[in-house]
Amino acid sequence: MQEAALRAAGLEGSYRALETPPPFLRARLQEIRRDYAGVNVTIPHKESVLAYLDELSPEARAIGAVNTIVCDRQRLIGYNTDAPGFISSLDEAGIPYRNKKALVLGAGGAARAIAYALKEEGAHVAVYNRTLERAQALCKALGLHLVSAPLLDAAVHSCDLLINTTSVGLQDPLSSPLPEGCLPRAGAVVDIIYNPPVTRLMLEAQRAGLPTLGGLPMLVWQGALAFELWTGVKADLRVMYQAAQARLAEALQP
Ligand code: NAP
């Protein structure tokens, strides 16, 4: 997706995975400072990387997680494009969120970015997570409503927007973060997992006649925003979508 965007913009460059076990994070960042225009950061470094950066965008600081680093004259600047990328994916799909009741399932790095973005945009955000303490910490940090296990059913039923940010369902079309039949009465269901493109949660929501959105649009939008931070050039979204869809189709082949 990033290399397709580089080609479309007539820029030279490549985008590669740099496997980085946690003990090597500091050394990897020194290498990045010397040799790279920028990088994305993913599990498990999105939060721990903050300690090694020279500067943070206001969003990254508030969220407490970085998914994009720009190297500017050997300074490392951290951003979070998951947050605006998620909002752009809702806008593109025509899913409303301002003044709506949003329920976020999960309390990891993606949940932090999404809950922050929704709150900034005027949604009423609640969080449920398997590990209550993690949800409590997120709610305290960002001023959100906490949903405990006994109240989950009611919170799901009454929300306008349900977002799965847990990894339940990732590469597994049979598992869902919610028990069967536990769905919003009338709200939209978003699953930020992009492989499989339709998760079990989405399938159940579709069968109940609810609007759904998968994780590919967020992936493409956060990538396009990162591309623009690294290059200063507008990303070609159509080309990025095509490349991401082609790669996913390959990955899904038996
Ligand atoms: P993370 O920080 O590791 O958080 C994982 C979350 O999933 C935690 O809330 C965890 O709960 C929950 N979880 C894991 N296994 C569970 C289980 N068996 N039952 C219930 N809850 C479980 O990961 P992340 O970075 O937030 O990413 C989460 C997901 O979002 C991944 O699937 C990732 O691929 C996807 N993602 C998509 C995009 C996109 O652009 N579409 C961007 C970022 C992430 P506990 O706290 O209880 O462990």
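Q: In which order do the strands of the open sheet of six lie, and what kind of pairing do they have?
A: Start with the terms: strands (E, at least two residues) and helices (H or I, at least four) are DSSP runs numbered from the N terminus, and two strands pair if DSSP finds at least two bridges between them. Here the order is β7-β6-β5-β8-β9-β10, and the pairing is parallel. The edges are β7 (145-146) and β10 (212-213), each of which pairs on one side only. This is a predicted model, in which local features need pLDDT of at least 70 and side-chain atom pairs count only at pLDDT 80 or more, while totals for chains, interfaces and linings use all residues. Residues are numbered from 1 along each chain as its sequence is written, and side-chain values use heavy atoms, leaving out hydrogens and water.

Q: How many bridges join β5 to β6?
A: Five bridges link β5 (residues 101-105) with β6 (residues 124-128), and the two strands run parallel. To find one of these bridges, look at K101, whose partner in β6 is H124.

Q: How many residues surround the ligand, and which are the closest?
A: The ligand has 23 residues around it, with A110, N129, R130, T131 and R134 the closest. Helices α5 and α9 (216-231) each supply at least two residues of this shell. Sorted by class, the shell has 10 nonpolar, nine polar and four charged residues; Ala, Val, Leu, Ile, Met, Phe, Trp, Tyr, Cys and Pro count as nonpolar, Asp, Glu, Lys and Arg as charged, and the others, Gly among them, as polar.

Q: Which atom of the ligand lies 2.8 Å from a backbone N or O atom of I192?
A: A polar contact is a pair of N or O atoms within 3.5 Å; within protein, one must be able to donate a hydrogen and the other to accept it, and residues adjacent in sequence count only if both atoms are side-chain atoms. For I192, the atom is a nitrogen of the ligand. An oxygen atom of the ligand lies 3.0 Å from a backbone N or O atom of G109, and the side chain of R134 has an N or O atom 2.8 Å from a ligand oxygen. The protein covers 78% of the 920 Å² of accessible area that the ligand has on its own (Shrake-Rupley method with a 1.4 Å probe; for residues, only the protein chains shown count as cover).

Q: What is the strand order in the open sheet of four?
A: That order is β1-β3-β4-β2, with mixed pairing. At the edges stand β1 (38-40) and β2 (55-56); each has a single partner strand, so one side of each has no neighbour in the sheet. Two bridges join β2 to β4 (residues 75-79) in a parallel run: E55 is partnered by I77, and L56 stands opposite G78. By contrast, β3 and β4 are antiparallel, with five bridges.

Q: Which helices lie across β1, β3 and β4?
A: One is α2 (residues 25-35), which runs at about 110° to β4. Another is α9, running at about 10° to β3.

Q: How many residues sit between β3 and β4 in their hairpin?
A: Two residues separate the strands, and R73 in the turn has a positive phi of about 45°.

Technical notes: Near = heavy atom within 4 Å. Contact = heavy atoms within 4.5 Å. Axes fitted to C-alpha atoms, helices over the stretch in contact; angles between N-to-C directions.
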